Amino acid sequence: MDIRTPRPADPAARERLTEALVATGREDRTAFRALYSLTSAKLFGVILRICNDRQAAEEVLSDVYLTIWKRAGAYEPGRASPISWLATIARNRAIDWRRSAARTPSTPLDEAPDIADDRPSAIDTIVADESARQLHLCLDALDDKQRVAIRAAFFDGLTYAELAERQAVPLGTMNSWVRRGLLGLKECLNDAA
């Protein structure tokens, strides 16, 4: 496809634009790039006149081409010229932006109130995740009896007496398992640090 900018009176240019739009409807990325090259300047001009804000116009233009990519398959060459069809999408998106901007007036950043974010910072979350991962690795390294006793006591909230009864061992034995397991955990976690 020839990627020169079409002139409205040029039937060959209109044909190239129609072909690019129809091919874009078949999800042809090369045709979509050609369509963008052929029309982006014109559509940007339409949008900029309505938005009257260059940055907003650039954002709206991106949205317009996303819409074109999704809807190009609905274009019917006999019903409208390709540039009219594209300009209508651009115009409607720009008007939508304009209406939205009118409903939500923006406050300058220095006038915006400070809002505390009580969520943990990303670094705190990473450190906590790493600590939890290391704890589970160290728990997995313990003897089975010690690991089961510590998990039940500290994660499930069972008392040592309940654990001893559940495992059918004397309370002193359960205390010993938990104490040795905690010492093993402490040593493992210290080694990891």
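Predicted model: local features only at pLDDT ≥ 70, side-chain atom pairs only at ≥ 80, totals over all residues.
Biologist: Which residues are linked with Arg93 in a network of salt bridges?

Modeller: The side chain of Arg93 meets that of Asp63 in a salt bridge, at 3.3 Å from N to O, and because Arg93 lies in helix 4 (residues 82–103) and Asp63 in helix 3 (residues 54–71), the pair ties together parts that are 30 residues apart in sequence. Arg93 also meets Asp96 in a salt bridge, at 3.8 Å from N to O, and these two residues both lie in helix 4, three residues apart, about one turn of the helix. The residues linked with Arg93 in the network are therefore Asp63 and Asp96.

Biologist: Is Arg93 buried, partly exposed or exposed?

Modeller: Buried residues have under 20% relative accessible area, and exposed ones over 50%. The relative accessibility of Arg93 is 23%, so Arg93 counts as partly exposed.

Biologist: Which helices does the salt bridge of Asp140 with Arg151 tie together?

Modeller: The closest N and O atoms of Asp140 and Arg151 are 3.1 Å apart, and the two form a salt bridge. The pair ties together parts that are eleven residues apart in sequence, because Asp140 lies in helix 5 (residues 122–141), whereas Arg151 lies in helix 6. The two elements are thus helix 5 and helix 6.

Biologist: Which elements give two or more residues to the nonpolar patch?

Modeller: Phe154, Phe155, Tyr160, Leu171 and Leu182 form this patch on the surface, with about 460 Å² of accessible area together. The elements that give two or more residues to the patch are helix 6 (144–155) and helix 8 (171–192).

Technical notes: Residues numbered from 1 in each chain as written. Heavy atoms only, no water. Patch = residues over 30% accessible without salt bridge, like charges linked within 9 Å, V, L, I, M, F, W, Y side chains within 5 Å. Areas by Shrake-Rupley, 256 points an atom, 1.4 Å probe, with all protein chains shown as cover. Salt bridge = Lys/Arg side-chain N within 4 Å of Asp/Glu carboxyl O. Helix = DSSP H or I, 4+ residues; strand = E, 2+ residues; numbered from the N terminus. Buried < 20%, exposed > 50% of the residue type's maximum accessible area, 1.4 Å probe, protein only.
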